[in-house]
Amino acid sequence: MITVWLLLLLVLANGAPVVAARLLQHRFSAPVDGGLRLWDGQPLLGRSKTWRGLVAGLLSCTVFAPVMGLSVSFGVVFAALALGGDLLSSFIKRRMALEPSARASGLDQLPESVLPVAYAWWQLDFPLWQAIGVVLLFVTANMVFSPLLYQLGIRSRTLTTEVPAPGEV
């Protein structure tokens, strides 16, 4: 059952920012990096990484962890690691000069799943093969369903990237 709970938490951490963007449109969409550009001329993270998304991901895991029999603090740390992994992949993608929301198979899924699942494995003491299975299931599902969500219009690049960064008007 732990596999299902961890997959659900990963989906919540990953999906809540998308849902929040759909519901709130451009409200609370300030980019986490404040529009900062680094030595390479690329944004630190990009406009699609917003405070709205971070709060949505953190809240969703924090609220649902106790429903799954896990502590609130577990939900907070799990979400922070998942979202931190997502920010790390965005940082790397900007260094590679990829646009926000550009697909980078593996890089889009591994940091945001390996970090929180490793934490869960350490905290909850379940078999390593099961932790690896959770990561592989998440990566596979994300690679299959994310493009489908774009095609169906459920995910939209415009919702997260229309707000110009400072100095880009």
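**Close-up views of a predicted model**

View 1. Tryptophan 121 has its place in helix H4, in a structure that is a predicted model. With a relative accessibility of 36%, tryptophan 121 counts as partly exposed. Together with Trp122, Leu128, Ile132 and Leu136, Trp121 makes a nonpolar surface patch of about 570 Å². Two helices, H4 (110–124) and H5 (128–151), each supply at least two residues of this patch, and the largest share, 3 residues, comes from H5.

**View 2. The largest nonpolar core, seen around leucine 9.** The largest nonpolar core has 23 residues, and those with the most contacts inside this core are Leu6, Leu9, Phe74 and Phe78. Two or more residues of this core are given by each of helix H1 (2–24), helix H2 (51–67), helix H3 (72–95), H4 and H5, with H1 giving the most, 6 residues. When residues up to four places away in sequence are not counted, leucine 9 touches Cys61, Ala65, Met68, Leu70, Phe74 and Phe78.

View 3. A polar atom of the threonine 62 side chain lies 2.6 Å from the backbone oxygen of leucine 58. Leaving aside neighbours within four places in sequence, threonine 62 is also in contact with Val72, Gly75 and Val76.

View 4. Glycine 41 is found in the loop between H1 and H2 and is partly exposed, with a relative accessible area of 37%. Although glycine 41 and alanine 97 are 56 residues apart along the chain, their C-alpha atoms are separated by 9.1 Å. In the loop that holds glycine 41, aspartate 40 forms a salt bridge with arginine 95, and the closest N and O atoms of this pair are 2.6 Å apart. Because aspartate 40 lies in the loop between H1 and H2 and arginine 95 in helix H3, the pair ties together parts that are 55 residues apart in sequence. Aspartate 40 is partly exposed, with a relative accessible area of 29%, and arginine 95 is also partly exposed, with a relative accessible area of 22%.

**View 5. Aspartate 86 and lysine 49, a buried pair.** A salt bridge joins aspartate 86 to lysine 49, with the closest N and O atoms 2.7 Å apart. Aspartate 86 lies in helix H3, whereas lysine 49 lies in the loop between H1 and H2, so the pair ties together parts that are 37 residues apart in sequence. Both aspartate 86 and lysine 49 are buried.

**View 6. Aspartate 108 and lysine 93, a salt bridge between a loop and a helix.** The side chains of aspartate 108 and lysine 93 meet in a salt bridge, with an N to O distance of 2.7 Å. This pair links distant parts of the chain, 15 residues apart, since aspartate 108 is in the loop between H3 and H4 and lysine 93 is in helix H3. Aspartate 108 counts as buried at 11% relative accessibility, and lysine 93 is buried as well, with a relative accessible area of 6%. In total, the count of salt bridges in this model comes to 3.

Methods:
Residues numbered from 1 in each chain as written. Predicted model: local features only at pLDDT ≥ 70, side-chain atom pairs only at ≥ 80, totals over all residues. Heavy atoms only, no water. Patch = residues over 30% accessible without salt bridge, like charges linked within 9 Å, V, L, I, M, F, W, Y side chains within 5 Å. Areas by Shrake-Rupley, 256 points an atom, 1.4 Å probe, with all protein chains shown as cover. Salt bridge = Lys/Arg side-chain N within 4 Å of Asp/Glu carboxyl O. Helix = DSSP H or I, 4+ residues; strand = E, 2+ residues; numbered from the N terminus. Buried < 20%, exposed > 50% of the residue type's maximum accessible area, 1.4 Å probe, protein only. Core = buried A, V, L, I, M, F, W, Y, C linked by side-chain atoms within 4.5 Å. Contact = heavy atoms within 4.5 Å. Polar contact = N/O pair within 3.5 Å; in protein donor to acceptor, adjacent residues only side chain to side chain.
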